Amino acid sequence: METLKTHTVHGGTLRYLRHDSVQTGTPMTLSVFVPPGEGPFPVLIWLSGLTCTEDNFTTKAGAYRAAAEHGLIIVAPDTSPRGEGVADDPAYDLGQGAGFYLDASQAPWTPNFRMESYVIEELIALIDAEFPTTTTRSILGHSMGGHGALTLALRHPDMFRSVSAFAPISSPTRCPWGEKAFSAYLGDDRSAWAEHDAALLLASGAGRGAFDDILVDQGDADPFLTEQLKPELLRSAADAVGQRLTLRMQPGYDHSYFFMASFIDDHVAFHAARLRG
């Protein structure tokens with residue numbers, strides 16, 4: 001990996017990195033925070049939302065003080081492949097910046113939009129090879145990235161100790177953002193859609209017994225709450241199969257990084273307890 005920038009923060013080291021991805025066929029960028037000390041350290045993977053790059057979380061979430069205290073590496077990849085020749089769409093909610101953490105099966109997205117395989121098969125191995133990790137990890141994210149964190153954890157429960165989310169797209173098969181993206185990336189087969197819907201995955205028993213709790217924070221002043229996010233569908237699915245879900249409705253909070261910065265310490269501590277336990 002090529003180091004683009006390095007910063008010292010809370011006694012640890014933050015690097016912005018770039019590498020050529022086998023899975024996406026493009027250069028991919030990410031940030032990696034390594035806490036002070038010799039390690040090895042558990043890893044927390046953050047997945048960002050629509051329109052974001054690795055920089056949004058890195059500069060706005062304020063997660064590194066808690067990560068340094070708990071001794072966690074935090075990895076924040078970009079949200080999609082990018083570059084000349086990579087398929088795109090003029091809208092913000094499709095194409096570059098909107099990878100939805102799945103592998104596209106439809107043209108023109110198929111060659112590059114392989115974000116599930118990128119995270120699960122490439123990024124994790126790369127981080128374990130290049131950094132002092134314990135090879136144990138957890139995952140969290142926001143909005144589209146919350147969808148990604150939940151679905152990747154439920155689809156690959158052996159890869160993660162714990163999962164949490166801020167304002168996730170809880171059931172993308174039943175909201176405009178998800179219906180648009182899944183139609184483009186996966187085609188008309190709704191059975192393929194269901195494999196990337198956190199509420200439907202939970203209801204089907206995916207990840208059963210893997211996670212003692214799933215932590216979700218949602219602002220009740222979020223403008224996308226009713227139409228796009230629908231956390232009540234996640235709650236119903238979790239209740240139906242007996243999965244413990246701590247869903248905290250936070251009064252007055254919206255969809256911005258101010259919301260995440262207010263509760264990120266809780267999420268870091270939530271994962272640290274399970275990664276160190």
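W109 counts as buried in this predicted model, because its relative accessibility of 5% falls under the 20% cut-off. Y185 is likewise buried, with a relative accessible area of 0%.

The structure holds 15 aromatic pairs, and W109 and Y185 form one of them, with an edge-to-face arrangement. W109 lies in the loop between strand 5 (73-77) and helix 3 (115-130), while Y185 belongs to helix 5 (residues 176-186), so the pair ties together parts that are 76 residues apart in sequence. In the pair of F259 and F263, the planes stand at 70°, so this pair is edge-to-face. F259 and F263 are 4 residues apart in helix 10, which means that about one helical turn separates them, and both are buried.

| Aromatic pair | Centre to centre | Angle between planes |
|---|---|---|
| W109 and Y185 | 5.3 Å | 85° |
| F259 and F263 | 5.9 Å | 70° |

F259 and F263 also belong to one aromatic cluster, whose members include F33, W46, F57 and Y257.

Helix 10 (residues 257-276) has 20 residues and reaches 27 Å from its first C-alpha to its last, which is close to the expected 28 Å. A kink of about 50° in helix 10 is centred on F263, and the buried residues of this helix include M260, I264, H267 and F270. At the start of helix 10, a side-chain oxygen of S256 comes to within 3.2 Å of the backbone nitrogen of F258.

Charges also sit over rings: the charged end of R274 lies over the ring of F270, 3.9 Å from its centre, and the charged end of K5 lies over the ring of Y16, 4.3 Å from its centre.

Notes: Residues numbered from 1 in each chain as written. Predicted model: local features only at pLDDT ≥ 70, side-chain atom pairs only at ≥ 80, totals over all residues. Heavy atoms only, no water. Helix = DSSP H or I, 4+ residues; strand = E, 2+ residues; numbered from the N terminus. Expected span 1.5 Å × (residues − 1). Bend = angle between axes of the 7 residues up to and from the residue. Buried < 20%, exposed > 50% of the residue type's maximum accessible area, 1.4 Å probe, protein only. Polar contact = N/O pair within 3.5 Å; in protein donor to acceptor, adjacent residues only side chain to side chain. Phe/Tyr/Trp six-rings, centres within 6.5 Å; stacked < 30°, edge-to-face > 60°. Lys NZ or Arg CZ within 6 Å of the ring centre and 35° of its normal.
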